[in-house]
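Subject: Structure handover

Hi,

Here is the structure I promised to pass on. Please open it before you read further.

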Amino acid sequence: MFFGLDWDKLVLILIVAALLVGPERLPRYAEALARLTVRVREWLSGAKTRVKEELGDDFDDVEWRKLDPRQYDPRRIIRDALLEDAPVPTVQAAAVGTAIAATATTPLAAAYDPERDIPFDSEAT
């Protein structure tokens with residue numbers, strides 16, 4: 001639930017608190033708690049109406065789901081990226097066979113020529 005408390009622990013704490021407070025003070029504390037709850041609800045509704053007044057008509061047009069910070073969870077982003085149907089490049093069998101044959105017949109020592117210039121890609125650097 002919250003703070004590592006389950007319902008059974010919370011009920012036990014409430015029973016012990018009721019016994020410590022006693023039957024003569026318990027109604028006053030319950031009434032104070034009820035007033036506090038009502039006051040907090042009024043404060044929250046007032047804050048909501050004030051935000052609506054200050055934002056005007058655009059308040060209803062806001063897509064609140066896009067502003068949810070939970071959508072930026074890295075695990076969710078990676079999962080969504082992996083589940084996307086990305087286009088898979090198709091390779092023709094003849095091209096693959098030719099590439100394999102070309103690399104298999106050319107030894108590595110024969111491919112290196114110290115006299116030849118090293119290729120330079122100006123866009124890569």
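The protein chain has a mean pLDDT of 77. Of its residues, 73% reach 70 or more. Helix α2, residues 26–55, has the highest mean pLDDT among the elements, at 91. Helix α4, residues 93–105, has the lowest, at 54. Please read the two with that in mind.

Overall make-up

The protein chain is built from 5 helices and has 0 strands. From the N terminus, the order of elements is α-α-α-α-α. The chain has 125 residues, and 3% of them count as buried. Its accessible surface is about 12400 Å². Carbon and sulfur atoms account for 63% of that surface.

Helix α1

Helix α1 covers residues 7–21. Does its length fit the residue count, or what span should we expect? With 15 residues at 1.5 Å a residue, α1 should span 21 Å. The end C-alpha atoms are 21 Å apart, so the two values agree. G22 follows α1. The phi of G22 is positive, near 95°.

Helix α2

The same check works for α2. Its 30 residues should span 44 Å at 1.5 Å a residue. The C-alpha atoms at its ends are 44 Å apart, which agrees. After α2 comes G56, again with a positive phi, here near 75°.

W43 is found in helix α2. Is W43 buried or exposed? Its relative accessibility is 60%, so W43 counts as exposed; the cut-off for exposed is over 50%. W43 is also part of a nonpolar patch on the surface.

How many salt bridges does a search of the whole structure find? It finds 3.

Another joins the side chains of R75 and D73, at 3.3 Å from N to O. R75 has 63% relative accessibility, so R75 counts as exposed. D73 has 25%, so D73 counts as partly exposed.

R76 and D80 form a salt bridge too, with 3.8 Å between the closest N and O atoms. Both residues lie in helix α3, residues 74–83. They sit 4 residues apart, about one turn of the helix. R76 is partly exposed, with a relative accessible area of 35%. D80 is partly exposed as well, at 34%.

In short

The model is predicted, with 5 helices and 0 strands. Of its residues, 3% count as buried.

Best wishes

Terms used. Residues numbered from 1 in each chain as written. Predicted model: local features only at pLDDT ≥ 70, side-chain atom pairs only at ≥ 80, totals over all residues. Heavy atoms only, no water. pLDDT = per-residue confidence, 0-100. Helix = DSSP H or I, 4+ residues; strand = E, 2+ residues; numbered from the N terminus. Buried < 20%, exposed > 50% of the residue type's maximum accessible area, 1.4 Å probe, protein only. Areas by Shrake-Rupley, 256 points an atom, 1.4 Å probe, with all protein chains shown as cover. Patch = residues over 30% accessible without salt bridge, like charges linked within 9 Å, V, L, I, M, F, W, Y side chains within 5 Å. Salt bridge = Lys/Arg side-chain N within 4 Å of Asp/Glu carboxyl O. Expected span 1.5 Å × (residues − 1).
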